[in-house]
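Reader: I'd like to learn how to read the features of a model like this one. Could you take me through them one at a time?

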Amino acid sequence: MASIHERLKNEPYSEYSFATRPTNATLFWRRCIIKQIYLFFALNLKIMRIVVGGHS
Amino acid sequence: MSKVVVLGAGISGHTAALYLKKGLGKNHEVIVVSPNSNYQWVPSNIWVGVGLMEPNQVKFKLEPVYRRKGIVFKQALAKAIRPEGDSTSEKGFVEIEYVDEARRGQTEKVDYDFLVNATGPTLNFKATPGLGPDLYSNSVCTYDHAWHAWQNLKVAFEKMEAGVHQTFLIGTGHAMATCQGAAFEYALNIAFEVNKRGLHKFADIIWISNEYELGDFGMGGAYVKRGGYVTPTKVFTESILAEYGIRWIKRAGVYKVEPGKAYYELLDGTYHEQTFDFSMLIPGFAGAQIKAFNKKGEDITSTVFAANGMMKVDADYTPKPYEQWKSSDWPEIYQSPAYDNLYASGIAFAPPHGMSKPMESPNGTKIFPTPPRTGMPSGVIGKVVAQNVIHRIKTGRKDHPHKASMVRMGAACIVSAGYGFTKGQAATMTVSPIVPDWEKYPKYGRDIDKTVGVIGLAGHWMKLFMHYMFLYKAKAKFGWSLIPE
């Protein structure tokens with residue numbers, strides 16, 4: 001039995017078929033430890049700035 | 001000596017109580033009234049709901065923390081507010097009813113100089129017949145609900161392992177429910193666990209939502225920079241659902257749930273049914289339904305509270321069409337316009353209107369998300385309300401130097417999409433401000449440089465890091481106040 005993902009991804013004109021999907025490179029970078037360590041700190045810093053700057 | 005009473009010990013009330021005690025010290029009294037003896041870190045309930053955490057990992061007893069900090073804790077329900085006192089008392093007071101074992105059913109009048117209403121939402125399962133963990137759907141809104149959901153989910157997994165196909169229906173259980181983020185997170189986590197077990201061939205996971213477009217999340221959606229384009233969160237959301245093999249039903253107002261079947265109306269006015277083996281549907285939220293009376297004992301509930309039970313504050317509640325909504329409609333200090341020593345914090349305050357454009361089906365059913373105010377904004381509002389109360393007590397002045405409008409405040413939402421130090425994943429979304437401000441940011445409604453959507457392992461680490469960090473902060477351990485909300 002095919003999964004819903006397999007059944008729907010090639011079903012023309014379904015909303016599901018129009019969704020953007022990640023490339024293999026995108027999937028790789030999402031799990032690349034070095035890039036993710038950088039993102040961990042960068043996103044934390046961004047969130048910190050948003051939180052601190054949002055109230056007085 | 002001043003007495004400050006805080007109703008509720010969720011993210012907002014607990015934050016307010018800790019800052020109040022820290023700022024006021026031993027010379028003033030801080031009392032917390034809450035029916036729940038535990039504090040819970042709600043964002044981690046998702047992991048309880050998929051069996052990756054035990055309820056004990058997301059909650060702790062409040063009483064020992066309050067005893068250590070010198071805060072009085074009353075495990076009780078607030079039944080009524082009498083801001084002007086009554087014939088025997090000049091001071092405002094709250095009528096409470098104890099729910100703890102020792103004093104169950106006993107009532108008390110707790111007088112106050114300042115009252116902070118942080119009662120959070122009432123989970124309004126009754127608004128949708130058949131909805132809720134006591135009936136035919138699951139919930140992850142509390143740790144108990146999440147644990148119950150996991151017990152049912154385990155059964156579904158066992159059936160799939162035996163080769164039986166299962167349909168999962170996850171999303172909003174009312175035409176005007178909010179908190180899509182939590183349901184979305186749960187759908188992704190179920191898909192992750194299904195794939196992890198190699199059971200995807202036996203699973204049909206369906207996301208059902210009252211959003212006009214996916215990625216609205218009750219905040220009118222957002223725009224993020226991705227791959228050289230500025231894209232709506234619709235693209236971001238549809239992409240991750242498709243990646244996880246989840247199909248979706250949008251613009252849907254669920255109006256009834258029966259065993260194994262949900263009934264919904266679409267925005268185009270058509271009626272449909274969806275069968276399921278397992279469902280988790282978020283209910284609508286309402287206020288705590290506290291009554292208010294004046295000195296003569298006359299009911300002034302409609303003066304103090306909005307029709308949904310949430311408290312009116314310094315917002316502009318004049319009914320107006322979407323096109324006339326303004327950033328200045330939103331409150332800044334969360335003070336009651338009727339009584340200046342009364343404040344509402346977190347979900348307890350009545351928003352002036354939604355953030356998402358109101359939509360109505362040809363049958364007159366309103367189908368759109370109400371505005372979210374959970375997590376980060378709740379904590380920030382709790383802190384700012386506490387700072388202003390401290391200022392008023394210490395200086396005797398009536399001004400409010402601290403402000404936290406959701407039109408200026410940003411927020412981060414980390415949507416878990418799988419657990420594991422190297423295999424986990426989460427979507428990190430930041431928006432600033434929370435409420436779109438089309439006057440200040442005419443192009444995208446928000447500061448596009450502060451609004452991001454990133455998927456990856458780092459998001460999972462952040463979610464896990466925040467779990468431990470915010471529980472540490474909530475336990476008021478050394479240096480807790482240095483950790484931002």
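Reader: Let's begin with contacts. Which residues is B:Asn294 in contact with, leaving aside its neighbours within four places in sequence?

Author: Contact means heavy atoms within 4.5 Å. With those neighbours left out, B:Asn294 is in contact with B:Arg82, B:Glu84, B:Gly85 and B:Ile300. Keep in mind that this is a predicted model, where local features need pLDDT of at least 70 and side-chain atom pairs count only at pLDDT 80 or more, while totals for chains, interfaces and linings use all residues. Residues are numbered from 1 along each chain as its sequence is written, chains are lettered from A and ligands numbered from 1 in the order in which they are written, and side-chain values use heavy atoms, with hydrogens and water left out.

Reader: Where is the place of B:Asn294 in chain B?

Author: Helices (H or I, at least four residues) and strands (E, at least two) are DSSP runs, numbered from the N terminus. B:Asn294 sits in the loop between strand E21 (291-292) and helix H7 (301-304) of chain B. A polar contact is a pair of N or O atoms within 3.5 Å; within protein, one must be able to donate a hydrogen and the other to accept it, and residues adjacent in sequence count only if both atoms are side-chain atoms. Here the side chain of B:Asn294 reaches the backbone nitrogen of B:Lys296 at 3.0 Å.

Reader: Does B:Asn294 count as buried or exposed?

Author: Buried means under 20% relative accessible area, exposed over 50%, and partly exposed in between (1.4 Å probe, protein chains only). B:Asn294 counts as buried because its relative accessibility is 10%.

Reader: Now the interface. How many residues of chain B are in contact with chain A?

Author: 52 residues of chain B are in contact with 31 residues of chain A. Buried area is the accessible area (1.4 Å probe) that two parts lose on being put together, summed over both. Between chain B and chain A it is about 3,500 Å², and carbon and sulfur atoms give 66% of that. There are 10 residue pairs in polar contact between the chains, both residues being at pLDDT 80 or more.

Reader: Which element gives the most to the side of chain B that touches chain A?

Author: Several elements each supply at least two residues there, including strand E12 (203-208), helix H8 (376-395) and helix H9 (457-474) of chain B. H9(B) gives the most, with six residues. By type, that side of chain B divides into 24 nonpolar, 15 polar and 13 charged residues. In this scheme Ala, Val, Leu, Ile, Met, Phe, Trp, Tyr, Cys and Pro count as nonpolar, Asp, Glu, Lys and Arg as charged, and the others, Gly among them, as polar.

Reader: How many salt bridges does the rule find across that interface?

Author: A salt bridge is a side-chain nitrogen of Lys or Arg within 4 Å of a carboxyl oxygen of Asp or Glu. The rule finds two across the interface of chain B and chain A. A:Glu15 forms a salt bridge with B:Lys250, with the closest N and O atoms 2.8 Å apart. A:Glu15 and B:Lys250 also belong to a salt-bridge network that includes B:Glu213, B:Lys234, B:Glu238 and B:Arg251.

Reader: And where do B:Arg67 and B:Glu63 lie?

Author: An α-helix has 3.6 residues a turn, so residues three or four places apart point the same way. Both B:Arg67 and B:Glu63 lie in helix H3 (residues 62-69) of chain B, four residues apart, about one turn of the helix. They form a salt bridge whose closest N and O atoms are 2.9 Å apart. B:Arg67 counts as exposed at 56% relative accessibility, and B:Glu63 is partly exposed at 36%.

Reader: Which salt bridge links distant parts of the chain?

Author: The side chains of B:Lys225 and B:Asp449 meet in one, at 2.8 Å from N to O. B:Lys225 is in strand E13 (residues 223-226) and B:Asp449 in the loop between E24 and E25 of chain B, 224 residues apart.

Reader: Which backbone angle stands out at B:Phe217?

Author: B:Phe217 has a positive phi of about 55° although it is not a glycine. B:Phe217 is found in the loop between E12 and E13 of chain B and is buried, with a relative accessible area of 9%.
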